[in-house]
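Please look at the sequence and the 3D structure below, and keep both at hand while reading. The text starts where two parts of the protein meet and then turns to single residues.

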Amino acid sequence: MSPSSPTGSCLVPLLDQLTDLALWEAELTADPVVVESALIRRLAAVPDQRSACGLRHPLVVILTLTACATLAVGGDSVAAIRQWAARTSQQVLQRLGAYRDPFTGCFTVPSERTFRRVLAELDADMLDAAISGYVTDVVRREAPVPQIPDTPGPAEREQRRTARRRLTDPAPARLLPGVALDGKACRGARTGDGGRVFLVGAISHGQGVILGQCQVAGKRGEGPAARTLLERLDVAGMVLTLDALHTTKTTAHLITEQPNAHYVLMVKRNQPLARAAAQILLSGPDADWTQSTAIDDDHGHGRTERRTIRTAQAGDTLFPGARQAFRLRRDVGDLDGIWTGKEIVYGITGLAGPAHLNHYEQARWGVENRLHWVRDVTFREDHSQVRTGTAPRALAGFRNLAISTMRLADRANIAHARRDLLDRDAAFAVYNI
């Protein structure tokens, strides 16, 4: 065919376009944009399980956009995450290494369908490991502490309460770091067989950051899943607080195998012999237990609570690694000082000292108030009906990351902090992007 023929002349512009495309692809490959971000470094370790054929958007870009969108108020669904990410500036997309359209020269954001497909096909264990790794890096000061701009003016009410509580109710001296484990169902989501998505999380007592998460098939699998999570966490030198569901000899052995690790376990009907032994050890009038009793009063949310804990020496014959049995009495009343109810529970621990046990037992409830409640109410997790593949767990992991990030930034009110990140550049700056 002659170059001067009509058909040959039509090929020239097409060949020029293909040449330009090849040059642009070579330019992007030869001069990549590198972002010094501890979070991106961790997310880059998550394997991409998609086929390389026709792949446009790097996995780390999708994960980073999801993480930053979840920080801001309203980023509680895949549609909202994509809508937020769609307005990302070209400069930020270039720094992330986003896909560049060869015909327009613009960096592009993945479609909502791509977000959904990627989140549903992730290696969820690796994603949780990357998120918990970033949180651990910040806690160990191996990564910069996140900074969230605050609204000008007086401090927010919950922030003032937290600061006041630190002054008026300090933690006991020589307190070991504590971690609470508990499970939570994502009520709106379902697994492939129609079951609920059930997650087990670990949250630190002090800062309230989420250290890890794993998924189980249902409520009955929470015990084994908690042990799996414990095996992944570095709990050396920590105190693990768990409810009665996890009071098993296997769990106790697993915790005490870690150097200087201890447990505080509740004893109920699933351990009848240990509970009966604890009742016998700790029976008697209060006057006989003054030397091994600690009392703690708490006021708030329209009620008064008094926790009275007494301890008695115990040994491995009661439970593996046990040093003490304890009885905790909770008296609850109105602010007028009239008691309206009481509850008595028993437990075992490898620690000594009633004052410390009282603190750990109170902090154990932090997993309900500081994790489950925040995800349900602030992030509207129970309203989410995402149910494909690993998407429910992945979104829960990004919510954990957002909560931990704001707690590491010393923000007490998560909803208030999210409203402070309406500006997209501020949200990206949290992770040094």
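Three salt bridges are counted between domain 1 and domain 2. A salt bridge here is a side-chain nitrogen of Lys or Arg within 4 Å of a carboxyl oxygen of Asp or Glu. Side chains of opposite charge can pair when their charged atoms come close. The model is a predicted one, in which local features need pLDDT of at least 70, side-chain atom pairs count only at pLDDT 80 or more, and totals for chains, interfaces and linings use all residues. Residues are numbered from 1 along each chain as its sequence is written, and side-chain values use heavy atoms, with hydrogens and water left out.

The domain assignment gives domain 1 as 32-174 + 388-432 and domain 2 as 175-387; such bounds come from an automatic or database domain assignment. The C-alpha centres of the two domains are 29 Å apart. Where they meet, 32 residues of domain 1 are in contact with 31 residues of domain 2, contact meaning heavy atoms within 4.5 Å.

The size of an interface is often given as the accessible area lost when the parts come together. Domain 1 and domain 2 bury about 2,600 Å² between them, and 57% of this is on carbon and sulfur atoms. Buried area is the accessible area (1.4 Å probe) that two parts lose on being put together, summed over both. Which three residues supply more than any other three of the area that domain 1 buries against domain 2? They are Arg393, Arg399 and Arg407, with 23% of that area.

The interface also has 10 residue pairs in polar contact, both residues at pLDDT 80 or more. A polar contact is a pair of N or O atoms within 3.5 Å; within protein, one must be able to donate a hydrogen and the other to accept it, and residues adjacent in sequence count only if both atoms are side-chain atoms. On the side of domain 1 that touches domain 2, helix 7 (124-139), helix 14 (391-408) and helix 15 (414-419) each supply at least two residues. Helix 14 gives the most to this side, with 13 residues. Helices (H or I, at least four residues) and strands (E, at least two) are DSSP runs, numbered from the N terminus. By class, this side of domain 1 has 15 nonpolar, seven polar and 10 charged residues. Ala, Val, Leu, Ile, Met, Phe, Trp, Tyr, Cys and Pro count as nonpolar, Asp, Glu, Lys and Arg as charged, and the others, Gly among them, as polar.

Now to the salt bridges themselves. The whole structure has 26 of them. Arg140 and Asp234 form one, at 3.5 Å from N to O. Another joins Glu381 to Arg399, with the closest N and O atoms 3.0 Å apart. Glu381 lies in the loop between helix 13 (366-378) and helix 14, and Arg399 lies in helix 14, so this pair ties together parts that are 18 residues apart in sequence. Glu381 is buried at 2% relative accessibility, and Arg399 is buried at 4%. Buried means under 20% relative accessible area, exposed over 50%, and partly exposed in between (1.4 Å probe, protein chains only). Through shared partners, salt bridges join Lys184, Arg375, Asp376, Glu381, Asp382 and Arg399 into one network.

Two further pairs can be located. Arg307 and Asp296 form a salt bridge, their closest N and O atoms being 2.6 Å apart. Arg307 belongs to strand 7 (residues 303-313) and Asp296 to strand 6 (residues 293-300), so the pair ties together parts that are 11 residues apart in sequence. Both Arg307 and Asp296 are buried. Asp48 pairs with Arg50 at 2.7 Å between the closest N and O atoms. Asp48 is partly exposed, at 30% relative accessibility, whereas Arg50 is buried, at 17%.

His262 is found in strand 5 (residues 262-267). Is this residue buried or exposed? His262 counts as buried, at 15% relative accessibility. Its side chain joins that of Asn260 in a polar contact of 3.3 Å. Leaving out residues up to four places away in sequence, His262 touches Leu176, Met238, Val239, Leu240, Ile255, Gly350 and Leu351.

The last stop is the backbone. Most residues other than glycine have a negative phi, and most peptide bonds are trans. Arg141 is not a glycine, yet has a positive phi of about 65°. Arg141 lies in the loop between helix 7 and helix 8 (157-168) and is exposed, at 59% relative accessibility.
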